[in-house]
Each structure stands twice: as C-alpha cells, then as structure tokens.
Amino acid sequence: MSEEQTIGPRSRVPRHPTYPKLRQEIAGVDVASLAREFGTPTFVYDGARIVERIEDLRAFDVVRYAQKACSNIAILDLCRRHGALVDATSAGELHRALAAGYEAAGHPPPIVYTADVFDAESLDMVIANGVHVNCGSPDMIDQYGRRVPGGEITLRLNPGFGHGHSRKTNTGGEQSKHGVWHEQLTEAVERARRYDLTVSGLHVHIGSGSDLEHLSGVCGALERLVHEAGESIGTISAGGGLPIPYREDEAYMDVEAYYALWDETRKRLERALGHRLTLEIEPGRYLTAESGYLVTEIRAVKTMGSNTFYLVDAGFNNLARPVLYGAYHPISIASTSGDGSDRSTREVIVGGALCESGDIFTQEEGGVVRAQTLLEAHVGDLLVIECAGAYGSVMGSNYNSKPMAAEVLVRDRTPYLVRSRQTLDQLISNETIPELG
Ligand code: LLP
C-alpha cells in the first residue's frame, strides 16, 4: 500500500455470508424440480444476485464485466441490461459480447479487448468491428499500430507487484506474463507514437481473488504511472480481482472504502491533469461467483477405511477450481426424500465421476484430500456446490468425454434453460475418421 492511502477510517463492520447445509431452493425454485427438469450436473444462476452485485459497484463510472468468469450469453445480456459494459480476451469472447447485444464501439467503449497477445483472428475481429484494445505487450502496440495508424489504445500495465488467492492467479510482478512492465511505460508510449496512436488510458489488474489491502496498493502505483504517461490519459481502470467470501468466516470486501480510495486518486489526478477522468472497474468473480450453483446428484456413497465419500455425477470437467487451486467451495445437500430437516451431519469427502484420483471437490492446494462437514445423504439426493458461478462452467472440459453441463438462469422464480446439455453426438461432431486406403 502507498503511504498516503489508508483503508482504516472508512472500514465498516465486516459482513459475512451464511451458507446453509440444507438447500431445498435456489432463488425460490425447488432444487429437486430443477434437477428433474434439466437433469444433472447443471449450473443454476440466480440472476438477482448478479444485478445486486452490479449495483454494489454503481459508484464507479464504468463497471466492465470480465466475462471470462462466466460468459454465457444470457448472463452477458443480463449484465448489459443492467448497465455493465464488458471485457473480452479472445475472438470467442468478442463473438459472445456481440451476440449478447453489446455495441462494438462507442464512448466509453462497450467492449474492450484486453490481452497480452493478439491471435490472427482476434486482431482481424477488433479491427473489423472497431473494438477498443487494451494492450498488454509492446508487440500488441506494433501489431495494432501497423493496421490502425492514428487510432487510440489503452495500456495494461504490470505495476511490479501482484496478489491473488493462489500463485496461479497473481498477475503482477516479474514472474507474471501479464501487462506492459511498469518501467517500460515511457517506451510504450513512444512506440505508440510511431504509429500516431493515442494512449487514452491506463489499466492495472494485479490478480484474482486478492484483498482490499493489496488492491488498494494499486491506486498509488497507477497514480505515479498516469503522471508519467501524461495528458492524453482520460480513463483509469482499477482492473478486477475483488474477492468474495467462500467461507462463512471470511468477510465481504468493503467496496465503498475501495471506491473512496480510487475516487480520491482520480480527483488528485484530475486536478493535476486539468481534465476529467473516467474511472473503471473490471470485476469477474465479484459479479457472478455467488449467483452460481452446481447441482449434482449423489450416485454412490462409500467408505474407505475411516473416510466416507459421496460420489457425484459432476467432476473437475465441470468445476476445476478445487483440483487447480485447492479452492474451497461451500457444499449443501438437497434432500429428495422428505424435507431433510432430520438429517444429522458427518465428515465427508466429495468426489466426482472422472477416472482420475484428483477428481475431488474437497481438497487443499497440492491435492491433499480434506473432509467437509455435510448433511447425511443417500444415493439419489442432490449435492449443490455453491459459489460456482465464476470460473465454473467457463473452465469446463470434455475430459473422459463428459458432455458440457446445462446452464439455467433463474429470473423472478422462473428457471430458463440458457445452455442445453451437450449431446453425445455434439461431443464428436467436429471429429472425422480419415479414409485410409
Ligand atoms: N481483468 C483481467 C485483465 C483479468 O485477467 C481478470 C481475471 C479479471 C479482470 C477478473 O478478475 P476477477 O475479478 O474475476 O478476480 N480461474 C481463476 C481466476 C483467473 C482470473 C483470470 N483473470 C479462479 O478460478 O480463481
């Protein structure tokens, strides 16, 4: 953190979430009926929660949703209708943003392409559609400048430090591949000038699942960098990285205190530059994590020595966060026989259906299996993995030839199928057997 900025005086009483052990309803819809209608495994999203989270951040001039967290076009459409703009990091994400009704260009840009590389397709696509680009490498400046001389870009900077919930989600510092290195800012601005490109904004994203203290340190760093880049800067972006509490003993981040720090930074810069600055924030997880529930069915209950396992019909092909980062997710049970109120608790390891021993939803970083206190449950009961709306479905795969799960969006107690379960024929539809002589 920089010396002149403190979070203390503004911090309010921390708020904590509650995660029930028994969950018969999601957003007012019976879990068992969702499973009957849409099958399992299915991601169910509570749209109201996403809208609430966008509202939390309304003080920022622009809430730009980092769609990498959950890019179903129905979710993008919901964000768009509630005033969030969008970030894209690939041709596919650009395609999704356009399909969800975002205009390609405008002020502020409805879609921003932020990446460290252009592949041929994404470069062609941003140019064809006039999408704003936020360059994370000097090579991107060259590649864009050659094609669009006289254009406008922003720069994603690596401030020399970073922080995330895991080493794999820290995006700052010398170990990170992300952004233009902060000491090369002047050089990057000069490089842009060679193509007559205006650098109209600076952006910093230090990592995902960070915390208020580390995120606040970005204000000071960006302030110094804006002074260095000079008068052309009209937009500053705080990036994403806002955490959510995956455990009941973790508190919600004080987003008002965070906004206040950024607003002070922005105002100081406005005085120094003599013009208005647009302040953006670019959250992914914060908007969608809590809205999502992965509804699975318990297909086997077995004991291994002293351990009890519930084995469900989802796997790390559906939710990779535990196997990748040792991430913790709250888990609840939806009873399919009775209201479940008489169930006692037990220590359980939850495993998936994949033929790989790492396919465990209750594990710590490094693959250490850990039991979680869940309700007693039987084959045929439903098991709900909570806070699965961010980096859940989007990181899904077809490993073990498992079809991609269905996705359902609940609005006003009505569930809408927004992605049908992949069929077995779709699974092999891009494959061919060569006709060999
Ligand atoms: N902006 C940029 C440039 C990013 O790279 C990211 C995330 C975000 C915004 C949004 O970050 P968020 O607000 O969601 O923390 N798969 C990991 C997270 C990877 C994040 C990648 N970039 C996970 O499951 O925790």
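Mentor: Helices (H or I, at least four residues) and strands (E, at least two) are DSSP runs, numbered from the N terminus. Pro 108 is found in the loop between α4 (91–99) and β6 (111–115). This is a predicted model, where local features need pLDDT of at least 70, side-chain atom pairs count only at pLDDT 80 or more, and totals for chains, interfaces and linings use all residues. Residues are numbered from 1 along each chain as its sequence is written, and side-chain values use heavy atoms, with hydrogens and water left out.

Trainee: What is the peptide bond from His 107 to Pro 108?

Mentor: That bond is cis, with omega near -10°.

Trainee: Why are α5 and α6 called oblique to each other?

Mentor: The axes of α5 (residues 120–129) and α6 (residues 138–147) cross at roughly 45° and come within 11 Å. Axes are lines fitted to C-alpha atoms, for helices over the stretch in contact, and angles run from 0 to 180 degrees between N-to-C directions. Angles under 35 degrees count as roughly parallel, over 145 as roughly antiparallel, 65 to 115 as roughly perpendicular and the rest as oblique. The two helices are therefore oblique.

Trainee: Which value of phi does Tyr 391 have?

Mentor: Tyr 391 has a positive phi of about 60°, although Tyr 391 is not a glycine.
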